[in-house]
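Dear colleague,

I am handing over the structure below, together with an account of what was found in it. Please read the account with the coordinates open beside you.

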Amino acid sequence: MSNDPLLQPYQLKHLTLRNRIIVTAHEPAYPEDGMPKARYRAYTVERAKGGVALTMTAGSAAISRDSPPVFNNLLAYKDEIVPWIREMTDAVHEQGAAIMIQLTHLGRRTRWDKGDWLPVVAPSHLREASHRAFPKKIEDWDIERIIKDFADAAERMKAGGMDGVELEAYGHLLDQFASPLTNELDGPYGGSLDNRMRFCFDVLRAIRTRVGDDFILGVRYTADECLPGGTGKAEGLEISKRLKESGLIDYLNVIRGHIDTDAGLTDVIPIQGMANSPHLDFAGEIRAATDFPTFHAAKIPDVATARHAIASGKIDMVGMTRAHMTDPHLVRKIVEKREDDIRPCVGANYCLDRIYQGGAAYCIHNAATGRELTMPHSIAKADCRRKVVIVGTGPAGLEAARVAGERGHEVVVFEAASDPGGQVRLTAQSPRRREMISIIDWRMGQCEKLGVTFHFNTWAEAETIRAERPDVVIIATGGLPHTEVLSKGNELVVSAWDVISGDVKPGTNVLIFDDAGDHAGLQAAEFLASAGARVEIMTPDRSFAPEVMAMNLVPYMRSLQKLDVTFTVTYRLEAVERSGNQLVAHVGSDYGGIARQQTFDQVVVNHGTIPLDDLYFELKPFSSNRGEIDHDRLIAGEPQSVVRNPDGQFQLFRIGDAVAARNTHAAIYDALRLLKDV
Ligand SMILES: Cc1cc2nc3c(=O)[nH]c(=O)nc-3n(C[C@H](O)[C@H](O)[C@H](O)COP(=O)(O)O)c2cc1C
Ligand code: SF4
């Protein structure tokens with residue numbers, strides 16, 4: 001047996017967990033009609049197959065109708081959920097993993113215009129900044145009803161074969177009662193700590209009475225809100241001790257911080273550029289003070305830190321949640337001593353931000369996550385070996401090379417630059433986004449093991465490609481910044497990429513016209529303002545940087561506000577003219593009736609990229625499919641079979657930004673879904 005601390009079993013009451021790594025509660029927003037159907041099950045089972053000890057399904061499964069799903073949560077208040085839960089728990093148990101579910105009442109952390117349009121309830125009328133609902137102050141009959149709803153939901157989960165349930169008590173109703181900041185009740189449920197904790201203990205007692213002792217019950221709670229006037233560390237410690245001493249629960253799952261604002265949430269679940277394992281020592285202090293089984297997760301993305309968390313005895317079970325979204329087979333690779341092969345979580349938080357903005361969690365660089373029904377996490381070998389020639393080593397080209405290599409093909413890659421990475425390499429120039437380079441480095445490492453041949457500093461012409469006598473050609477040449485959007489003066493502006501790459505010197509008084517609204521505009525602003533420039537970001541949109549989602553925006557704002565960067569929404573840069581050594585910006589508005597002039601010494605335009613596609617069009621006549629992709633077959637996961645030119649020498653496909661400006665995930669998904677069938 002291995003002596004790796006991470007691989008030691010853990011006895012949690014009657015439940016034996018096969019190692020020390022868990023996936024903590026997270027709602028990937030995959031439910032269909034509020035139920036964990038085939039897609040949800042496939043996602044969950046993949047992680048169980050990969051070796052994790054315990055998977056905490058759902059995040060915040062709703063126990064009451066007035067806790068409506070705000071990010072497509074599971075509806076634990078419906079009886080019809082039981083058979084769906086049973087199918088999932090049976091499938092996970094078959095793989096040797098334990099499975100629990102997190103239950104909650106969201107309190108004010110939801111919206112009244114979701115679900116059944118019931119008023120939102122909380123122990124005060126105070127609004128939560130993130131979800132914006134003004135709550136109804138909870139009444140006695142609401143409290144009785146919700147306690148019963150918790151017990152009913154727990155009973156459903158037990159009937160569905162769950163090993164236990166966890167209650168969510170950070171930012172949700174349970175701790176809205178516990179925190180002095182959000183509880184304005186008098187009498188039995190408000191005022192003293194005893195009173196503020198009464199609701200939590202009433203709920204725990206009601207659940208325990210209903211499910212009995214042989215069912216795991218835990219609480220994930222904030223033991224320090226890190227807010228003036230809130231539950232501080234001393235009170236958090238007292239709460240921890242009372243939870244243990246109640247005898248009602250089997251473990252503590254420690255959180256530090258508050259989640260009522262995007263900034264607070266980002267400190268609880270840090271993203272790239274923020275410190276790793278920031279709350280591990282704190283969780284260790286709770287464990288030491290209570291001597292009680294303690295779980296914890298918060299940006300512990302790598303095996304070495306996870307191992308330290310367990311070996312040091314700070315915690316009993318370590319959460320590696322996003323790490324499992326990036327690589328569901330993480331534990332298996334530790335067992336097989338293949339830690340180098342683990343696809344690293346780069347903290348991009350595309351996953352979490354998307355559950356609000358896009359509706360389903362996807363990993364920025366694992367396009368199979370959440371698509372287990374159609375996309376493989378392990379690539380099958382092809383029946384016959386073909387020669388695949390790829391042009392470009394951005395995320396699309398490298399994913400294509402990796403997948404073609406896994407298929408067992410002979411793979412040759414051409415790249416004009418001296419290093420791989422394309423736009424991702426540029427992105428990683430920002431110290432805060434340096435972790436992005438692992439998207440490239442991991443693929444280069446995998447390609448090396450697979451024997452892929454690379455030709456850097458090589459501008460591939462059509463003849464270069466044809467001389468390789470390929471069976472398949474993949475054009476992943478990406479795009480070039482597109483700045484020609486003005487009626488006059490396009491030659492006077494520079495692109496956001498020119499700034500980020502250091503190709504142009506920062507001005508002193510700079511306008512960034514950003515109608516792409518993605519990271520590049522804000523990154524350029526950060527570069528310029530840090531170099532001392534006065535920066536105004538202007539967009540014709542209703543809000544700035546709409547493609548940079550909530551948690552990703554937090555570090556930018558923390559830096560840009562301090563640097564006094566200003567934001568102007570609903571105005572459009574129409575033209576630029578030179579006036580001496582200054583540039584005059586002519587500004588209008590899509591709403592009409594505005595024409596004003598502002599003076600700058602540098603104007604930056606961020607308007608995405610325009611495809612670099614000459615090579616594709618040169619090769620098209622020589623290909624058998626003339627570049628065509630059969631979308632039906634692509635979506636169905638079947639090999640491409642278009643023949644438009646029977647004399648063609650190879651199949652030709654164009655992917656990523658070489659087709660149209662999109663993002664890293666889209667580029668990687670293009671490559672995976674095409675190459676897995678080549
Ligand atoms: C898509 C997504 C949804 C999440 N939803 C919940 C949730 O509903 N409840 C919860 O307690 N934590 C939720 N989390 C937080 C995770 O449980 C975990 O604490 C967080 O991701 C930090 O751990 P990690 O760095 O290992 O990913 C969510 C995380 C993700 C990525
Ligand atoms: S999107 Fe980023 S943070 Fe989320 S799992 Fe993938 S790599 Fe990790």
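Which strand and which helices each supply at least two residues of the shell around ligand 1? They are strand S4 (54-62), helix H10 (321-326) and helix H12 (350-357). Please keep in mind throughout that this is a predicted model.

As for the ligand site, there are 19 residues around ligand 1, and those that come nearest are Thr 24, Ala 25, Ser 60, Tyr 170 and Arg 220. By residue class, the shell around ligand 1 is made up of 8 nonpolar, 7 polar and 4 charged residues. Ligand 1 itself sits in the largest cavity.

Turning to polar contacts, a polar side-chain atom of Ser 60 is placed 2.7 Å from an oxygen atom of ligand 1, and for Arg 220 a polar side-chain atom likewise lies 2.7 Å from an oxygen atom of the ligand.

A polar atom of the Thr 222 side chain lies 3.1 Å from the backbone oxygen of Asp 224.

With best regards

Note on methods: Residues are numbered from 1 along each chain as its sequence is written. Chains are lettered from A and ligands numbered from 1 in the order in which they are written. This is a predicted model: local features need pLDDT of at least 70, side-chain atom pairs count only at pLDDT 80 or more; totals for chains, interfaces and linings use all residues. Side-chain values use heavy atoms; hydrogens and water are left out. A residue is near a molecule or strand if one of its heavy atoms lies within 4 Å of it. A polar contact is a pair of N or O atoms within 3.5 Å; within protein, one must be able to donate a hydrogen and the other to accept it, and residues adjacent in sequence count only if both atoms are side-chain atoms. On a 1 Å grid over the protein atoms alone, a cavity is a set of points where a 1.4 Å probe fits but cannot get out, and a pocket is an open set with protein on both sides within 12 Å along at least five of seven lines; lining residues have an atom within 4 Å of a point. A molecule sits in a cavity or pocket if more than half of its atoms lie within 2 Å of its grid points. Helices (H or I, at least four residues) and strands (E, at least two) are DSSP runs, numbered from the N terminus. Ala, Val, Leu, Ile, Met, Phe, Trp, Tyr, Cys and Pro count as nonpolar, Asp, Glu, Lys and Arg as charged, and the others, Gly among them, as polar.
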